[in-house]
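Take a look at the sequence and the structure below. This report covers the ligand site and then the pockets.

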Amino acid sequence: MTKKSVLQQARAAYQPKLPSALWGAVKAVKGAATESVADQEEIKKLFPNTYGLPELRFEKDNEVAKKKSADKEVINIGVILSGGQAPGGHNVISGLYDGLKSLNKANRLYGFLMGPGGLVDHNYMELTGDIIDQYRNTGGFDIIGSGRTKLETPDQFEKGLEIIKELNIRAVVIIGGDDSNTNACVLAEYYKAKNAGVQVIGCPKTIDGDLKNDWIETSFGFDTACKVYSEVIGNIQRDTNSAKKYWHFIKLMGRSASHIALECALQTQPNYCIISEEVEAKNKTLNDIVAEIAQVVADRAADGNNFGTILIPEGLIEFIPAMKKLIAELNDMLAAHPEIKDMEADEQRQYVIDHLNAENAEAFASLPVAVARQLSLDRDPHGNVQVSLIETEKLLSEMVDKKLAAMKEEGKFVGKFAAQHHFFGYEGRCADPSNFDADYCYALGYNAAQLVNCGATGYMSSIRNLSKPSIQWIAGGIPITMMMNIERRHGENKPVIRKALVDLEGKPYQEFLKNRAKWAKETCYVYPGPIQYFGPDEVCNQTSRTLYYEQKGK
Ligand code: FBP
């Protein structure tokens with residue numbers, strides 16, 4: 001174990017707060033049968049054993065509390081961390097461990113190493129109390145590591161079953177984003193169909209904030225990651241407001257949806273923030289976006305302010321309608337001809353241009369070479385373009401620079417323009433969880449143990465009512481099939497959990513809309529400062545602005 005910082009030592013003593021519904025023994029109360037969000041007939045056909053299950057809600061159970069521990073069945077659980085790191089993963093595991101031990105001290109928790117691949121390759125370790133105690137309230141996924149192996153083939157499921165049986169594991173808990181939870185459901189269906197006696201439960205993880213709906217109010221890690229990014233954006237804003245000489249182009253993680261950019265904008269009040277979902281809805285081109293940014297720069301320059309901040313969501317490229325069409329055709333082309341990704345750069349570029357339809361070929365040819373190349377490279381195991389590798393912040397600032405030069409010639413820009421570039425993503429994914437994420441994650445894990453105990457499979461751990469104090473949070477489980485629809489992936493139609501994009505009618509975006517013209521022209525920066533773990537409630541226990549506005553008045 002590495003040396004602990006003074007903060008980590010103090011933080012280790014923090015006891016996350018559980019919802020009162022999970023204090024002591026619980027019983028699962030069944031709600032009505034459920035349906036998928038769309039494509040009901042197709043999803044039902046694909047998940048005959050896990051479709052239509054009822055929503056579950058936990059309540060205190062006085063009867064079970066009286067059972068002697070000798071009568072209790074031993075339950076072993078295997079846990080997997082899947083995909084990108086998100087603050088609080090260790091607390092999901094410590095909550096799961098404590099929940100499991102609260103049911104029966106003889107229960108055991110196994111961690112599969114380096115993501116879903118650990119299950120298939122039989123790489124695991126037992127997570128004992130001593131190990132868990134080293135990781136309570138810490139960031140990172142290093143307790144067992146994470147990975148992006150996609151669990152999808154019967155072969156993988158059968159290999160997994162061998163080790164599951166060997167370790168007498170009753171349930172696998174998969175902590176992941178929308179794609180990993182989709183695969184958790186496929187695994188649950190497979191094991192249920194063959195009566196393997198193995199349950200599968202998902203937990204909603206991703207800093208991107210796009211795994212949310214009426215039952216999953218936020219994915220864990222979003223709160224902490226956005227607070228870290230907002231602290232640094234605030235610091236940059238103070239710097240630029242001091243020297244008054246740079247425009248900072250700041251790209252923020254979030255593979256697809258713009259929740260992180262929107263949340264950071266609400267926290268820091270930058271001069272400009274692109275929301276990809278708005279770009280798509282208004283059918284904007286890259287040139288439109290560049291023209292808007294250049295106008296903001298020119299308007300501030302007219303007031304003598306040659307400085308500012310611009311937030312750019314990582315997933316922007318895929319939301320520009322012309323790019324979206326291009327990427328869809330490229331995805332199909334790469335799925336049908338995987339050899340393209342191994343070609344030399346020039347040969348690859350020509351091949352792609354020759355084989356795209358005319359409109360897409362023109363869009364592709366007009367892109368800077370580095371961006372075009374990134375779009376033609378390998379996808380991640382879930383079929384996603386690796387947008388974090390596309391330098392949109394540089395692309396935009398170069399285009400804005402050119403546009404301003406043209407505006408200067410026409411007498412429409414009278415100032416100076418110097419740009420700095422930043423990309424914040426990895427900086428926030430392993431931060432020590434905020435009090436909100438520490439509590440939320442612990443509750444998700446503890447709750448997952450209860451879902452296993454009540455025999456659920458194909459469910460996601462759900463903790464709701466999150467803008468209220470944690471004691472009032474609602475605990476239960478939601479059938480994963482309920483969140484699914486059919487989407488095109490890797491050139492095929494697949495059942496997947498529907499991604500939650502920024503809702504342009506929603507309160508967080510509307511709040512941004514109300515203020516953005518003022519933030520663009522004036523200097524209204526807010527400097528949130530670092531996450532605080534100790535101190536007054538309003539400083540330490542604030543939820544994200546997104547959750548606050550979404551739940552305001554509810
Ligand atoms: P998950 O969807 O797995 O939570 O990962 C999210 C994310 O952090 C994205 O924001 C980012 O685009 C991507 O992971 C980066 O992937 P990698 O860690 O493989 O570089």
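A polar contact is a pair of N or O atoms within 3.5 Å. The model shown here is predicted. In it, a side-chain N or O atom of threonine 206 sits 2.9 Å from an oxygen atom of the ligand. Two further pairs are listed with it in the table.

| Residue | Distance from its side-chain polar atom to a ligand oxygen atom |
|---|---|
| Lysine 205 | 3.0 Å |

On its own, the ligand has 480 Å² of accessible area, and the protein covers 84% of it. The ligand is surrounded by 13 residues. Gly84, Thr206, Asp208, Glu314 and Tyr426 are the closest. The shell holds six charged, four polar and three nonpolar residues.

Next come the pockets. The largest pocket contains about 710 Å³ of space. Its lining counts 31 residues. Nearest the centre are Lys212, Asn213, Asp214, Glu550 and Lys554. Helices H9 (259-268), H20 (507-521) and H22 (545-551) each supply at least two lining residues. H22 gives the most, with five. By class, the lining has 14 nonpolar, 10 charged and seven polar residues.

The second largest pocket has a volume of about 600 Å³. It is lined by 21 residues, and Glu318, Lys324, Glu487, Arg488 and Arg489 are the closest to its centre. Helix H12 (316-319), helix H13 (321-336) and strand S14 (484-489) each give two or more residues to this lining. H13 gives the most, with five residues. The lining of the second largest pocket divides into 10 charged, six polar and five nonpolar residues.

Definitions and conventions. Residues numbered from 1 in each chain as written. Predicted model: local features only at pLDDT ≥ 70, side-chain atom pairs only at ≥ 80, totals over all residues. Heavy atoms only, no water. Near = heavy atom within 4 Å. Polar contact = N/O pair within 3.5 Å; in protein donor to acceptor, adjacent residues only side chain to side chain. Areas by Shrake-Rupley, 256 points an atom, 1.4 Å probe, with all protein chains shown as cover. Nonpolar A, V, L, I, M, F, W, Y, C, P; charged D, E, K, R; others polar. 1 Å grid on protein atoms, 1.4 Å probe; cavity = no way out; pocket = protein on both sides within 12 Å on 5 of 7 lines; lining within 4 Å. Points joined across faces, edges and corners; volume = space filled by probe spheres on them. Helix = DSSP H or I, 4+ residues; strand = E, 2+ residues; numbered from the N terminus.
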